[in-house]
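Student: I have a structure open and would like to go through it with you. Could we take it step by step?

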Amino acid sequence: MKEITYVGENLFIGNLGHFFVVLALISALFSALFYVRAKEEKCSERTIGRILFGIHTIAVFGIFITLFKIIQGHYFEYAYAYEHSSLDLPLRYMISCFWEGQEGSFLLWIVWNAILGVILVFTAKKWERGVLAIVALCQVVLTAMLLGVNFFDIYTLGSSPFELLRDKMHAPIFESANYLKNVVDGSGLNPLLQNYWMVIHPPTLFLGFALTIVPFAFAITSLFYKEHRAWIKPALPWALAGGMILGAGIIMGGFWAYESLSFGGYWAWDPVENASLIPWLLLISGIHLMLIKKVTNGSTIAAYTLVISTFIMVLYATFLTRSGVLGETSVHAFTDLGLAGQLMQFVVLFIWLPIIAVTEGAAKRWYMIIPVSILVLLLPFYTKLSFYPLLALTLAGLAWFVLNLNKQIKNHASEDNITGREFWMFIGSLMLALSAVQVLVGTSKPVFNKIFGTNLVPPEDVIAYYNMYQMPIAIVIALLMAVTQFFRYRSTPDKYKLAKEILITLGISVLLTVGGVYLFGISNPMYVIFMLAGIYVFFANLSYLVLYVRKLKLSGSSIAHMGFGLMLLGVLVSSAKKQVITRDMTGNMRNFDEQSRKENMLLVKGEENQLGDYSVSYIGDSVSINDVYFKVHYISSDSSEEFTLYPNGQFDDAGRMTSSNPDTRHYLTYDVYTHVTYKPLPPSDSVKWENVKEHIVVQGDSIITPNGVVYFTGIEKGDGASIGLKNTTLAKALIKIKRGDVILDAEPLFGINSQTFFSIRQDVLEAGLRFGFEIRASEDGGDPVAVLEIAETKPQPQYIVMKGIVFPYINFLWLGTVMMVIGFGIATWNRLELKRS
Amino acid sequence: MKPKVIVLLVILSVAIGYIMSTYMGATESSTFADAENHPDDTYHITGFLVKDKPMEYDPIKDPNYFSFYLKDDDGAIRKVISSDPKQQDFERAEKVNMYGHADGDVFRATKVIPKCPSKYKDEQINKEVQASRS
C-alpha cells in the first residue's frame with residue numbers, strides 16, 4: 001500500500017502522550033523492583049525506588065494533561081477526542097470525557113493511585129517499602145492497559161488513548177491525505193454524562209476504588225513481615241477513608257440515576273452498580289474485623305481475608321464492567337476493548353500476592369511463582385486451556401494461605417465470650433460479607449455462563465430478586481448494629497445494665513414503630529419489621545451517643561450507624577409508599593394484576609388531568625439543540641403548589657424518541673417525578689392547508705372556524721434581534737383558540753425593516769389551524785389595518801404518554817447517607833490522631 | 001471458639017444453599033410451547049421480531065397496550081401483549097428478550113427488552129463525512 005502523507009494532523013501531542021505512557025510504565029516497574037530489593041528502612045534502593053516513583057507520578061500527570069489538551073484543543077485526528085467530545089462541549093464537561101471512555105477512566109484511577117503513592121512515601125515509614133512496591137506493581141498493570149502496543153500482529157497490549165482515528169477505523173475517507181478537512185466535529189459526549197453529578201461522581205468513585213489498595217498493601221506487607229497485628233494501626237484510617245469516599249461515590253451514582261435515568265428509582269441492582277457495592281460491603285466488614293483484631297487480637301484470618309478480598313473485588317469489578325462479559329445484562333457497562341485477557345491476568349496476579357506473601361522461604365515462593373506466571377501469561381491466548389488448571393491452582397493456593405496463616409498465628413484469641421462486643425461485631429461482619437456474596441453470585445451469572453457454557457438468564461424482576469435476599473440480611477445487620485455498641489470488648493461486666501439498655505431502647509423503638517406504621521400507613525408485616533430495624537438502629541445508637549460518648553471524635557461509629565438506620569427508613573417508606581399517579585384505574589378491574597401494570601397516561605396538550613393530588617397538564621415543548629423538553633404543569637388540588645417540570649427526550653432523524661430523561665420536583669417530605677414514555681411521530685406526509693381566508697381584525701374580535709373559536713387579543717411590538725434579525729421591527733399577533741375546554745395560544749409574526757416586510761406564519765396542528773399576520777395600508781386610505789390569515793386542516797392531537805410517581809420521604813435516604821459519610825469522616829479523623837500519638 | 005464456629009457454619013451453609021439454588025434452579029431461555037404447557041408460570045423467551053405482521057400501539061386508544069408478533073427458537077409465532085408503551089425505535093429490533101406468561105393463544109409480557117443490531121462506527125463516520133461535504 002502506498003504511504004500517504006496526511007495534512008493538518010498534530011502528531012506531536014499524541015507522540016508526547018505515548019512517551020509519557022511508556023515512561024510511566026517503565027518507571028513504575030523499576031520503582032517496584034527497587035522497593036522489593038530494599039532490605040532496610042533506610043537504604044539506597046529505597047531512595048532510588050522513591051525517585052522512580054516520583055518520575056512515574058510526573059509522567060502520569062503528563063499523560064493526563066496531554067489527553068486533556070487533545071480534548072480541549074479539539075484534535076479530532078485522535079480517536080479519543082473524536083469519539084468522546086465535540087466542538088460545542090462546554091469546558092466543565094470536558095473532564096467528563098475522561099470517564100466516557102475506558103482508557104480515560106483507567107487513567108483517572110492511575111492518577112489517584114499515583115497521588116496516594118506519594119502520600120504513602122511521606123507517611124508509611126517502615127511499611128513504605130512493601131506498600132509502595134505493591135502500589136507501583138498495580139500502576140504497572142494499570143499503565144499497561146494504556147499502552148496499545150501490538151506484538152507480531154497477534155496480541156495487543158492495552159488500548160492507547162492516543163490512537164489516531166485513521167488507525168482505529170477503516171473507512172475510505174482516510175485514503176485522502178486531506179481527510180481532516182472532513183472530520184470537522186467529534187461525535188460528542190453522551191448527553192447523560194453532561195450532568196453535574198456525572199462530573200463529580202466518577203472521580204469520587206475511582207478515588208474510593210483507589211483507596212482500597214492501601215489497606216490491601218499494608219496487609220500483604222505485614223504477611224511478609226509476619227507482623228499480624230501492627231499493620232492495623234496505620235491501615236485503619238485509610239480503610240475508613242475508603243469506606244467514606246467509596247460510599248459517597250456509590251450514593252452519588254444513585255442520586256444521578258434518580259435524577260437522570262428513566263427507571264424511576266435510585267438503585268436498580270444493575271451489574272455496574274453491584275460491582276461498586278460488593279467492594280464497599282466487604283470493606284465495611286473488613287474495617288470491623290480490623291477493629292476486633294486491634295483491640296482483642298482475634299479474627300486475624302478474617303480481617304486479612306476481608307481486606308484482601310475488598311481489593312480483589314475492585315479488580316473483579318473492573319473485569320466485569322470492562323471485559324464485555326456482562327454483554328446485554330447491563331445498561332451502562334463499557335464497550336469491549338479487547339482487554340478481557342489482560343483484566344483476567346490483573347485479577348489472578350493480585351490473588352496470588354497474599355498466597356506468595358504468606359509462604360516462607362524463597363525456594364517455595366519460586367515453585368509457586370513460576371507455574372502460575374506461565375499460566376497467567378498464557379491466559380489471553382489459550383483461555384480455555386489455561387483457565388481450569390489456573391482455577392484449581394488458585395483454589396489450592398487459597399487453602400494453602402489459610403492453613404499457613406493459621407499456623408503462624410501463635411496467639412489464638414481468648415475464648416469467645418458471647419457477652420463480648422467483638423463476638424457480635426464478628427457476626428455482623430460475616431453478615432456484611434454474606435450480603436456481598438449474594439450480590440456477587442447474582443451478578444456473576446454471565447461469567448458463570450461464559451465459563452461453563454450454560455445459558456442462565458437474569459431474573460425477571462432484578463430489583464425484587466435482590467431485595468428478597470438483601471432485606472432479611474439488612475434486618476439482621478441492623479439489629480446487630482443496634483445492640484452491639486452496648487457490649488464491652490472481651491466481656492460485659494454488668495449484664496443486668498446491658499439487658500436493661502438493650503430492652504429499653506427496643507421498647508421505645510417499638511413504640512416509635514407503631515407510630516410510624518400508623519403515620520405512613522404500612523401494612524405488610526415484613527415492612528413493619530424492616531421499619532422497626534431502621535428505627536431501632538437509629539434510636540439505640542442515638543441513646544449510646546447521648547449516654548456514653550463524651551468526645552466528638554469518638555462519635556463517628558454512632559453517627560454512621562444512625563445514618564444507616566435513617567437510610568433503611570428512607571428506602572422503606574419511599575419504595576413501599578411510592579405512588580404512581582399516572583396509574584389508570586378507570587378501566588376494567590377484572591384482572592387487577594394487568595390493570596396495576598398500566599402505569600402510563602396520555603396527556604393531550606392543553607387538557608387538564610387529575611393525577612393523584614394534582615391537576616396536571618401538558619402545555620408544550622421547548623426545543624434545544626439535541627433534545628426536546630416537554631413542559632408538564634402541576635397544580636396541587638389545594639392550589640398551594642404550582643410548578644412546571646421539564647422531562648426531556650432525544651430523537652433520531654426520523655423523529656423517533658430514542659431515549660428520555662425524567663425531571664423531579666423536590667420537597668422536604670416527598671418528590672414528584674415525571675418521565676415521558678412516548679411521543680407521537682411527526683406526520684408522515686406534508687400537511688394540506690385548505691380554506692385560506694383573510695380577516696381584517698381589531699382587538700377583541702372573534703372568528704368562528706370549524707376547528708374552534710379564534711380570539712384576536714391584541715398586538716405586541718417586538719425587536720427582531722430576539723429571533724436573530726437585526727434592525728427589524730416585529731409585530732406579534734396575540735391569538736387564543738378555544739376548542740371545547742381547551743385553550744391554545746398562537747403568535748404569528750409580522751416584520752418590517754428598511755428593505756422589506758414579511759410575515760412568519762404559525763401552525764397550531766392540534767387545532768388544525770394556521771395563522772398568518774400582516775399590517776397593511778387600508779384600501780380607503782385610513783389607518784393601517786391588521787389582517788389575519790387563517791387556514792384549516794384536520795386537527796392532529798398533540799400529546800405525550802408519561803409516567804408520574806410521588807416518592808414520599810426519600811430525603812430520609814439522602815440524609816442517612818450523608819450521616820454515614822460524616823460518621824466515617826469523624827472515625828477517619830479519630831484513627832489518624834490515634835496513629836500519630 | 002464454639003459459638004463463633006456455629007455461627008460461621010450456619011452462615012456458610014446459607015451461602016452455599018443460596019449459590020446452589022441460584023445456579024441449579026435458574027431459568028433458562030424457553031419457547032412458547034413451554035409457556036403454554038404451564039400457563040401459571042413465568043417464562044423467559046428470546047425470539048425474532050416478525051416484521052411482516054402488524055405491530056399495534058395506539059396511545060389514544062390505550063397508552064398501556066402494545067402488541068407485536070414474535071417467532072421463538074422452534075419457529076412458533078405468537079402475538080405478544082405488553083402493558084408498557086412501545087419503545088419508539090422498536091421496529092429496528094431484530095431479537096427480543098421477554099418475560100411473561102401464556103394466556104390462551106397470546107403471550108402476556110411483563111418485561112420486553114428489544115435487542116437492536118449494533119451500529120457500526122465506520123458506517124457512522126462515513127455518513128457524517130458525507131453530511132459535512134454536502
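This is a predicted model: local features need pLDDT of at least 70, side-chain atom pairs count only at pLDDT 80 or more; totals for chains, interfaces and linings use all residues.

Student: What percentage of the residues in chain B is buried?
Tutor: Here a residue needs a relative accessible area under 20% to count as buried. Chain B has 134 residues, and the buried ones make up 40%.

Student: How many residues of chain B are in contact with chain A, and how much area do the two chains bury between them?
Tutor: On the chain B side, 49 residues are in contact with 59 residues of chain A. Of the area buried between the two chains, 58% is on carbon and sulfur atoms. The buried area itself is about 4,800 Å².

Student: Which three residues supply more than any other three of the area that chain B buries against chain A?
Tutor: Together, these three supply 17% of the area that chain B buries against chain A. They are B:Tyr18, B:Tyr23 and B:Gln88.

Student: Which residues form the salt bridge across the interface of chain B and chain A?
Tutor: The rule finds one salt bridge across this interface. Its side chains meet at 3.4 Å, N to O, and belong to A:Lys598 and B:Asp62.

Student: Which element gives the largest share of the side of chain B that touches chain A?
Tutor: There are also eight residue pairs in polar contact between chain B and chain A. The elements of chain B giving two or more residues to the side that touches chain A are α1 (2–24), β4 (95–103), β5 (106–115) and α3 (121–133). The largest share is 13 residues, and that share comes from α1(B).

Student: Which residue is linked with A:Arg46 and A:Glu128 in a network of salt bridges?
Tutor: The structure holds 21 salt bridges over all chains. In the network with A:Arg46 and A:Glu128, the other residue is A:Arg50.

Student: Why does the salt bridge between A:Lys126 and A:Glu227 tie together parts of chain A, and how many residues apart are they?
Tutor: The closest N and O atoms of A:Lys126 and A:Glu227 are 3.0 Å apart. A:Lys126 lies in the loop between α6 (102–123) and α7, whereas A:Glu227 lies in the loop between α10 (213–225) and α11 (232–260), so the parts tied together are separated in sequence by 101 residues.

Student: Are A:Lys126 and A:Glu227 buried, partly exposed or exposed?
Tutor: A:Lys126 has a relative accessible area of 30%, and A:Glu227 has a relative accessibility of 28%. Buried would require under 20% and exposed over 50%. Therefore A:Lys126 and A:Glu227 are partly exposed.

Technical notes:
Residues are numbered from 1 along each chain as its sequence is written. Chains are lettered from A and ligands numbered from 1 in the order in which they are written. Side-chain values use heavy atoms; hydrogens and water are left out. Buried means under 20% relative accessible area, exposed over 50%, partly exposed in between (1.4 Å probe, protein chains only). A salt bridge is a side-chain nitrogen of Lys or Arg within 4 Å of a carboxyl oxygen of Asp or Glu. Helices (H or I, at least four residues) and strands (E, at least two) are DSSP runs, numbered from the N terminus. Contact means heavy atoms within 4.5 Å. Buried area is the accessible area (1.4 Å probe) that two parts lose on being put together, summed over both. A polar contact is a pair of N or O atoms within 3.5 Å; within protein, one must be able to donate a hydrogen and the other to accept it, and residues adjacent in sequence count only if both atoms are side-chain atoms.
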